[in-house]
Amino acid sequence: MPQYCEVALTVPLRTTFTYAVPEALLGVVEPGSRVAVPFRNRVMVGVVVEITDGLPAFAKDESSHGKIKIREVAHVLDALPALNAKLIELGRWVGSYYLAPPGDVFRTMLPPLTELRAERILRMTSAGRERLSELSAIQNRSEMEVTEHALLELIEVEGEPLAMRRLRKLPGGEAAAARLLRRGQLEAEEIARARKTRMQKIIAWNPAAPSGQIEVIDKDIAAKKSVTTSARFAASEERVRRVLAEECGPLPLKLLLERAEVSQAVVDRLMNQNKLKGWEEPATTEDDFFDADYAAPANVLNAEQEHAVAELRAWLEKGEFAVGLLHGVTGSGKTEVYLRGVREALDRGRTAIVLVPEIALTLWAGRIFRAWFGEQVAVLHSALPDAERSREWWRVRRGEARVVVGTRSAVFAPVSNLGLIIVDEEHEASYKQEESPRYHGRDTAIMRAKLEGAAVLLGSATPSLESYQHTHAGKYSLLRMQSRVAGRQLAQVEIVDMREDFKKTHRASAISSRLREAMKDRLASGAQTLVLINRRGYSFLAMCRSCGASVQCQNCSISLTYHKKRQLMICHYCGYTQAVAKLCPKCNSEYMYFVGEGAERLEESLRNLFPQARIGRLDRDTVRTKREYQKILGAFASGKLDILVGTQMIAKGHDFERVTLVGVVSADLRLGMPDFRASERTFQLLTQVAGRAGRGELAGEVLVESFYPEHFAIQDAARQDFEGFFEREVRFRRLMHYPPFAALANVLVRDRKVENAIRWSRQLAEYFVPLEKSGVRALGPAAAPLARLKGEHRFQFLLKSPRRAALHDALAGVLDFCAKKQIPDSAIILDVDPLSLF
Ligand code: ADP
Ligand code: ZN
Ligand code: ZN
């Protein structure tokens, strides 16, 4: 019986597509296979989500009238289907729960497409062949005819279709091809070609080389300007030899130049002398030299840690679905519990996934897990180069790596026989993807574990309200670690009332006199300080003193942030940049002033206050690469810096033994915003950053500057009283029908034309009215808090319901309604369980 398959393609449509499986591919096309298929007049890659024997029902009645022509699968990309049955099921759940198009979901789940590239080719038709002989007969060809002739003849001579990209080299070739295509003398087709893997040059020291004596150079002479070229070359050669023969072994060319500090010319010359040899290799991972001399911690567990591990062991022993929340204060040693949990899973022949909230933390976690489990560990995150990510992904798929450390999307890592998923810092907002598919990594982890009979361990010092409430309701078990390891104390937290500080000093400085004095003490005694600030840039508001106008982004309703070093005003939402405003955009007054301190300005103020201190800054402007990040953190960890200023990047994970003071500058900004999670976020951030102090032998102190010193989120964070905070916050959530007591969704309507956005939201408002009866309340339409973003006008509805099923039906109804009213799919964003309402 003929076979057909349903393929999810990355097109912005909410359907899958049916293809026939040609005879040659029977048994090769499997559920989960990546396939290349013809789509319109192109080739696309998709994933098979289902195979049916015989025509699917919908096609049967129609094809009998010859309306639908089912096309055939062209290629199967991989020898092994990319996704197993469980992952296909998980993908379907994500698609349905978050109302995301299947193409978006499966694109997120699959490895990057490095093996295939699409190419357009031109073929000559019989009309083309006639045209060719016609042109050949003409004596005096016009310029156009000359090009057409050359083009057709090229195809004729080569005897095979011509790749479109080659036309670029033929002047006028593209226009000629367009004419020939229009007249039916050529036809175009898109085909898929295997891509060559990117290669890199590897250089090695040639031990067999004629050992021309390396001249011994006198250091004193070398230091002088008068050093001869040959001596300088010998020194370079010696560095190259040392790096390649003694320190590292063969290296990629680029890395060699960096580490030996020599130029390409030196390498070329040594190659000519046969002292070096080189060859090509597929480009792979940038080797991690940081692993080299790293010994993983292996502590004797304390009683609380033992208890948590015993619980995990019991779940794995049973081999059933279970969820636990490990609520352990900062510095209670959660990592040790994770490591042991993973070992328990591996010992039972199962696999494990460890999720961390940021790419930067995969460095730290990857290193620890590699130190314990070696080659069995794969690291997966979106910032890896495609080739490397693909390689790691397939290592996991083939079962060579059985522990995956990664960010959000690693929840889809293709391990089989999954035993344990760890979600570190489970409360972090970065687990939610803010583009389609808008899934939550933690919640998807729980669903995956349920499908595969695995255990999930959520870990945090400040659990999300949702997860903690689930432990009360008996859905998750609660594991506690209430004390820090080795009897260390939590740091003392003091709130600095910034209103009082201003009254006393009459200076609107971000650094209070209290914080300044405390930092002075640390500098005197050689201890370190961390300073957290919530904003990047120099100043986030440029205002006119004459008329009060501020400098806004052209595309978004948000003010531009001034970056002093780059001398630019930048929109942190869409990336728009402009020159620094000297004049008011509205009244042309020259009295512009910059308010609202960011990290860049704070660093500058600190340098002025403490000119002798060694200060570093860590935020997305100072670190763009893994190396920069490691350089700054390494400098701080090894005591080469006294003060480290940074955004929330510094609040997590790291263990700095000599930090005895943490200052928090304007971390309460969020409390002034209309966001029901503002208290929770503020509490979490303050507690986490306070946890950075006093992790070594020395006790720590934390100073939190605030304009809302009596706010309970600040007060509870100062006492590090999670329970107290939870009780107060949960009362508010219950009263206001917010999660975890109601299911929430955000429906956003957007368009470049404001009339469209208004008309469509009015229509939707009517759709929502009758839903009130089924228990779904829609608040709106209201202008979204960011009423314009990237040039689009935005209105939103907030949907609330005590019943999740009712909410889901309402959202599915939105899609049907829009289809019926011809509201374009791209105008609607559905966000289920939104974390931010912006
Ligand atoms: P958390 O993630 O809970 O904040 P970590 O896992 O980072 O804490 O552990 C904090 C520090 O305590 C680490 O340096 C770790 O090596 C150390 N540590 C963990 N468990 C123990 C223990 N049982 N005895 C001594 N030190 C420990
Ligand atoms: Zn003005
Ligand atoms: Zn913008």
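This is a predicted model: local features need pLDDT of at least 70, side-chain atom pairs count only at pLDDT 80 or more; totals for chains, interfaces and linings use all residues.
Along the principal axes, the C-alpha atoms fill a box of roughly 95 × 90 × 70 Å. As for burial, 52% of the 838 residues count as buried.

Residues 24 or more positions apart account for 75% of them. The secondary structure comes to 25 helices and 33 strands.

Helix α11 covers residues 303–318, and helix α12 covers residues 334–347. Two packed helices are described by the angle between their axes and the distance between the axes. Here the axes come within 9 Å and cross at roughly 25 degrees. Angles under 35 degrees count as roughly parallel, and α11 and α12 are therefore roughly parallel to each other. What is the hand of the crossing of α11 and α12? The crossing is right-handed.

Now the residues that meet. On the α11 side they are Q305, A308, V309, L312, R313 and L316. On the α12 side they are E336, V337, R340, G341, E344 and A345. How do the residues of this contact divide into nonpolar, polar and charged? There are six nonpolar, two polar and four charged. If you have the structure open, R313 in α11 and R340 in α12 are both among the residues of this contact.

Technical notes
Residues are numbered from 1 along each chain as its sequence is written. Chains are lettered from A and ligands numbered from 1 in the order in which they are written. Side-chain values use heavy atoms; hydrogens and water are left out. Axes are lines fitted to C-alpha atoms, for helices over the stretch in contact, and angles run from 0 to 180 degrees between N-to-C directions. Helices (H or I, at least four residues) and strands (E, at least two) are DSSP runs, numbered from the N terminus. Angles under 35 degrees count as roughly parallel, over 145 as roughly antiparallel, 65 to 115 as roughly perpendicular and the rest as oblique. A crossing is left-handed if the near helix is turned anticlockwise from the far one by less than a right angle, and right-handed if clockwise. Contact means heavy atoms within 4.5 Å. Ala, Val, Leu, Ile, Met, Phe, Trp, Tyr, Cys and Pro count as nonpolar, Asp, Glu, Lys and Arg as charged, and the others, Gly among them, as polar. Buried means under 20% relative accessible area, exposed over 50%, partly exposed in between (1.4 Å probe, protein chains only).
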